[in-house]
Amino acid sequence: MGYNGSNRRFRSSVIKKSSYNYGSRILGKMIAMPISLLSSAIFDSSHTSRLSSVSGSNISAKKEFDLHNWYILRLIKQLDDLKYAYLKNDYKNQLNSNEQLDIRIISLRKKVNKLFSIASISKIFPPLKKKIEAKIDDLYNNINSLSNRKTTPTINIQSTILHTYSDISVPVPEHTNIYLVFAKAYPYIMTKRMFKLKSNSVCEYFKSDAKSICVLQFDGFNLSFYDSVMMIASLDDFFVVGYSDVSCNMQQIPVMEEKLDAHVNYEDGIRKTYLHSCLDGTPDLRYNYNPQVFIVNYWYLDISFNSANLSLLITNGSLAKSIFNLVSKGTCNKSSENL
C-alpha cells in the first residue's frame, strides 16, 4: 500500500514492528553464537584422534625458486647410488611423521584460539568460563605432548659403516685451495668456472648419525667423506655413493688460473704465460682477449661413478693422498708411496 496521507499511523506501526523483529533477531544471534562456538569446540576437541588418519601434506613454506640451487641439484643428481635409496626413504618418512604432528598441533591451536574468544564472552557465566579454561588446559597438554614427539630428521649413515675406525679425521689444512668440477679435468684446464672451496665455513644441510672423516664445503653444497661412502648434499637434497661402486685415480697436472690467492700455499713453482701463447711463450696476437695467466700444479682426483665424473683439484698433496686412500682403499692410514 502506498502512502496517501490517510494511512500514516498504519505505516508507522509497520515500521516499529519490523524494527522490533530485527532487534530480536540480532539479540538471538548474539546469544546463540557463543553457545554454538562452545559446542563445536568441545565436540572437535573430543575427536582429535581422527586427525591422525588425515593424509599428510607439506605444510612447510615452499622455498623460493633459486636458479643456483637448481643448477647444483642438477649436477649432484648424477651421483645417485640407488643402493642407498633406503637412506632417503627413511629420511622422508621422518619428515612426513613430523608434518603429520604439525597438522594436528595447528588444528589444536585453532581450537584453543576459538575457546579463548568464547571465554572472553562468557565472563558473566563463571561456571561456563571455568569449564572452558579446563578445556584449554587439556588442549595445551595435548599440544605439548605432540611437540615432544617430533624428532630431528637424521640420515642413517651409521648403517653404511663397514670398518671400525676410532676418531679418524682428515681436516683441510690451512692455506689449501680446492676446485671441484662435475666433469673430467685435463692438463692446462682453466679454473674460472669451477666450484672453489669455501674455507673456514661448513654448512650442515642434513644431519647424519655418524661423524664424517672429511668435509669439503663449496658454494651451495658440500662433499662429506665417511667410512665407506661419500655424501654430496645441497640445500634441497642429498645423494650417497659407496666407495665400492666408484673408481678413483690421482695424478698431478698443470692448471691455469687467472688470479692467484695470496692466502694459498702453492707447493710447486708457479709459471706465467698467456691464455693463448705461441711456442716461444709470446702471446698469440690472433686473439683479442688473451690475458696473462698462471700455471700451477694441482693434485687431480678423478672419481667416476657410472657415467658421472667428479674431479677434485687440490694444492695440498698430503690431503689429496688421504682422500684418495680413503676412497680407493677404504682407509686413510695406508701410505701412498706407490702413487
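This is a predicted model: local features need pLDDT of at least 70, side-chain atom pairs count only at pLDDT 80 or more; totals for chains, interfaces and linings use all residues.
Two residues are in contact when heavy atoms of one lie within 4.5 Å of heavy atoms of the other. Setting aside neighbours within four places in sequence, Leu 312 is in contact with Ile 178, Tyr 179, Leu 180, Leu 216, Phe 218, Leu 223, Phe 225, Trp 299, Tyr 300 and Leu 301.

Leu 312 also belongs to the largest nonpolar core, which has 40 residues. Within that core, the residues that touch the most other members are Phe 182, Leu 216, Phe 225 and Leu 312. Helix 5, residues 317–329, gives the most to this core, with six residues.

The protein as a whole has 339 residues, and 40% of them are buried. Its secondary structure consists of five helices and eleven strands. Of the contacts between residues at least 6 apart in sequence, 68% join residues that are at least 24 apart.

Another part of the structure to follow is the pair formed by helix 3 (residues 85–121) and helix 4 (residues 126–149). Their axes come within 9 Å and cross at roughly 165°. Angles over 145 degrees count as roughly antiparallel, and therefore helix 3 is roughly antiparallel to helix 4. The crossing of helix 3 and helix 4 is left-handed. Helix 3 contributes Leu 101, Arg 104, Ile 105, Leu 108, Arg 109, Lys 111, Val 112, Leu 115, Phe 116, Ile 118 and Ala 119 to the contact. From helix 4 come Lys 129, Ile 132, Lys 135, Ile 136, Leu 139, Tyr 140, Asn 142, Ile 143, Leu 146, Ser 147 and Arg 149. Sorted by class, the contact of helix 3 with helix 4 has 14 nonpolar, two polar and six charged residues.

Arg 109 is found in helix 3 and has a relative accessible area of 45%, so it is partly exposed. The C-alpha atoms of Arg 109 and Leu 139 are separated by 7.9 Å, although the two residues are 30 residues apart along the chain. Ser 145 lies in helix 4; its relative accessible area is 40%, which means that Ser 145 is partly exposed.

Most residues other than glycine have a negative phi. Tyr 188, in the loop between strand 1 (178–181) and strand 2 (189–190), is not a glycine, yet has a positive phi of about 65°. Tyr 188 counts as partly exposed because its relative accessibility is 42%. Asn 306 also has a positive phi, near 55°, in a residue other than glycine. Asn 306 is located in the loop between strand 10 and strand 11 (308–314). The cut-off for exposed is over 50% relative accessible area, and Asn 306, at 71%, is therefore exposed.

One more loop residue is Cys 278, placed between strand 9 (271–274) and strand 10 (292–305). Cys 278 has 33% relative accessibility and so counts as partly exposed. Not counting residues up to four places away in sequence, Cys 278 touches Pro 283 and Asp 284.

Key:
Residues are numbered from 1 along each chain as its sequence is written. Side-chain values use heavy atoms; hydrogens and water are left out. Helices (H or I, at least four residues) and strands (E, at least two) are DSSP runs, numbered from the N terminus. Buried means under 20% relative accessible area, exposed over 50%, partly exposed in between (1.4 Å probe, protein chains only). Axes are lines fitted to C-alpha atoms, for helices over the stretch in contact, and angles run from 0 to 180 degrees between N-to-C directions. Angles under 35 degrees count as roughly parallel, over 145 as roughly antiparallel, 65 to 115 as roughly perpendicular and the rest as oblique. A crossing is left-handed if the near helix is turned anticlockwise from the far one by less than a right angle, and right-handed if clockwise. Ala, Val, Leu, Ile, Met, Phe, Trp, Tyr, Cys and Pro count as nonpolar, Asp, Glu, Lys and Arg as charged, and the others, Gly among them, as polar. A nonpolar core is a set of buried Ala, Val, Leu, Ile, Met, Phe, Trp, Tyr and Cys residues joined through side-chain atoms within 4.5 Å.
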